[in-house]
Structure formats: structure tokens, C-alpha cells
Amino acid sequence: MIQVHPELNDDRILRLFEKGIHGQWGEDAIAWGQATDVPARVRRGLALTLTPVYLGEQTAMMGIATVIPLLLRGGETEAVLYLSSMQLDEARHFRNLHRLYELFEEDPLPARRLPEMWRYHARLLHSRDPLDWVWGILISDLFARRFYGAVRDIDPDGLLGALARRTLQDEARHQAFSDRFLENRIPQLSPERRAGMLGLRDDLFRSMDGLAGRLADAATDAGIDTSSLLDGLWLDTERWVERLGIASTHTTQRPTATRSASAVPRPS
Ligand SMILES: [Fe+2]
Ligand SMILES: [Fe+2]
């Protein structure tokens, strides 16, 4: 699996790896003491709404750990270097949210309340093909961009704004990697394989639609409008489907959650 002296030719991915190294930041980049300025209602709403994102950071760590051996076997050393920097990003995102829960003195929702969260996790990690995994992680990163953008807008000058802005810089690098990785591979894919990618996008979106339904009230308390977030996310995925040449966007229809999810009640 490991070559003694592999070639490193993909300069664009190597440049992203270099950016990944220089883009690292630690807990001292954030004024955590500002957590006390966040109103109790926003803290509680955000604690619930963040639950799938919190799990998603761990899903990303697991996914990277799974895909690295597959890429090494395929001789894709540049991608392995880049993903090693992304692993540190995801670990930081997870640790930051863990810290936020501690500072807010709140807990995430218990897993049984959000079955779609596990469905999403399982679907993302289902395939053993790096291409599917990078496509799934791109969709997750598009969601993260919308979500952290909404968190930034709750509290642009405080803790949430600062945390979201730094996280969004990491997400921009993740997206650039997925773009580079996928753009050369998709033109060679069969129509069935492309249909499979659309199927993955639809399954992930369906889970997010279910989660948005369950978390709509909690998100409103935090100052986040889940329906406009999902509208924006759908347009983002459609744009990428077209841009990468997976399909013409005119042929795709927006999926919705299979069952209408019961909302998580507001805490009394
Ligand atoms: Fe992340
Ligand atoms: Fe990410």
C-alpha cells in the first residue's frame, strides 16, 4: 500500500495542503469568555440545533480515517497529504463544539430523538469508493457553510461570529479540495455511476430535510431559519451537480423527508 518514493505531481492539491498547514489555529484564536453574552434562549436552541453538526464533525473524522488507506492503495499521495490537514480541521471543529456545550452548560439531544442523524452518518460512510465519499463530504461541507454562515449572523461581533468565521475558512479549503478531486474523475463515469452520485445527494438531502423539520423550533429560538437554510443548500447542490457535470440540473427534483418528522418540543 505504501510506496517508498511516490510521485507528488498534483500541484493544486499540494498547494491546498500547504494552505491547510498555514491555516491551522488553536483555542487561543477565540475569546471564549464572551460565551456569557449569549442569551439563555439562544444557547438552549443552539445546543439542540447543533446536535447533528456535532456528530457530523465526528463523522468527518471517521470518514477521513477510512478513506486515507483507500487512497494510499490507489497511489493518490497528494490527496492523502491534504486529507491529513483536513483531519486536524475536523478534530478542531469537534473540540470547539464540545467546548461550546461546556460553556453553555447544555447537552446535545439524545441520539434516539434524531434518527435521521444516524441515517445520514450511515449513508455517508456506506461506500468504499473514495469518489462517493468525497462527493458526500462536499455535500456535508456545503451544509456546514450554510449552517456556520447562519451561526455567524446570530452574533456577528461576539463568540459565535468569531467561531463561525474561522470555521468557514477551513470549510472553504475543504470545498476546494473536493472540487479538484472530483472535476477530473466525473467526465469518465458511466451514466449509472453518475445516477448513483445523484442518489447519494438525494438520500443525504432527505435526511437533512427530516432533521430540519425536527429542529425547526429549536433553530428559531437560536435565530436560525431552517427552511431558508435548506432552500439555499438545495440550490448549492444543484449548482455543483451542474458544474461537475454529474447531470443537467433540469432533470433533478428536490427530495423531501420520507416521513414527516415530529418536531423536538421546546424545553419548558
Ligand atoms: Fe468540520
Ligand atoms: Fe469540513
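**Figure 1. Overall fold of the predicted model.** Helices (H or I, at least four residues) and strands (E, at least two) are DSSP runs, numbered from the N terminus. By that rule the protein chain has 9 helices and 0 strands. Its pattern along the sequence is α-α-α-α-α-α-α-α-α. The radius of gyration, taken over C-alpha atoms, is compared with a globule rule of 2.2 Å times the number of residues to the power 0.38. The chain has a value of 19 Å, close to the 18 Å that the rule gives for 268 residues, so it is as compact as a globular protein of that length. Along the principal axes, the C-alpha atoms fill a box of roughly 55 × 45 × 30 Å. This is a predicted model, in which local features need pLDDT of at least 70, side-chain atom pairs count only at pLDDT 80 or more, and totals for chains, interfaces and linings use all residues. Residues are numbered from 1 along each chain as its sequence is written, chains are lettered from A and ligands numbered from 1 in the order in which they are written, and side-chain values use heavy atoms, with hydrogens and water left out.

**Figure 2. Burial and contacts.** Buried residues (under 20% relative accessible area; exposed is over 50%, partly exposed in between; 1.4 Å probe, protein chains only) make up 51% of the 268 residues. Contact means heavy atoms within 4.5 Å. Of the contacts with a separation of 6 or more, 84% join residues 24 or more positions apart.

**Figure 3. The pair of Tyr54 and Phe94.** Rings of Phe, Tyr and Trp (its six-membered ring) pair if their centres lie within 6.5 Å; planes under 30 degrees apart count as stacked, over 60 as edge-to-face and the rest as tilted. The count comes to 7 aromatic pairs. Tyr54 and Phe94 are stacked, because their ring centres are 5.3 Å apart and their planes lie at 15°. The pair links distant parts of the chain: Tyr54 is in helix H3 (residues 51-73) and Phe94 in helix H4 (residues 77-104), 40 residues apart. Tyr54 is buried at 12% relative accessible area. Phe94 is partly exposed at 22%.

**Figure 4. The pair of Phe143 and Phe147.** These rings are stacked, 5.8 Å centre to centre with 25° between the planes. Both residues belong to helix H6 (residues 130-154); they are 4 residues apart, so about one helical turn separates them. Phe147 is buried at 3% relative accessibility.

**Figure 5. Arginines over rings.** A charge sits over a ring if NZ of Lys or CZ of Arg is within 6 Å of the ring centre and within 35 degrees of the ring normal. The charged end of Arg185 sits over Phe181, 3.7 Å from the ring centre. Arg243 sits over Trp240 at 4.8 Å.
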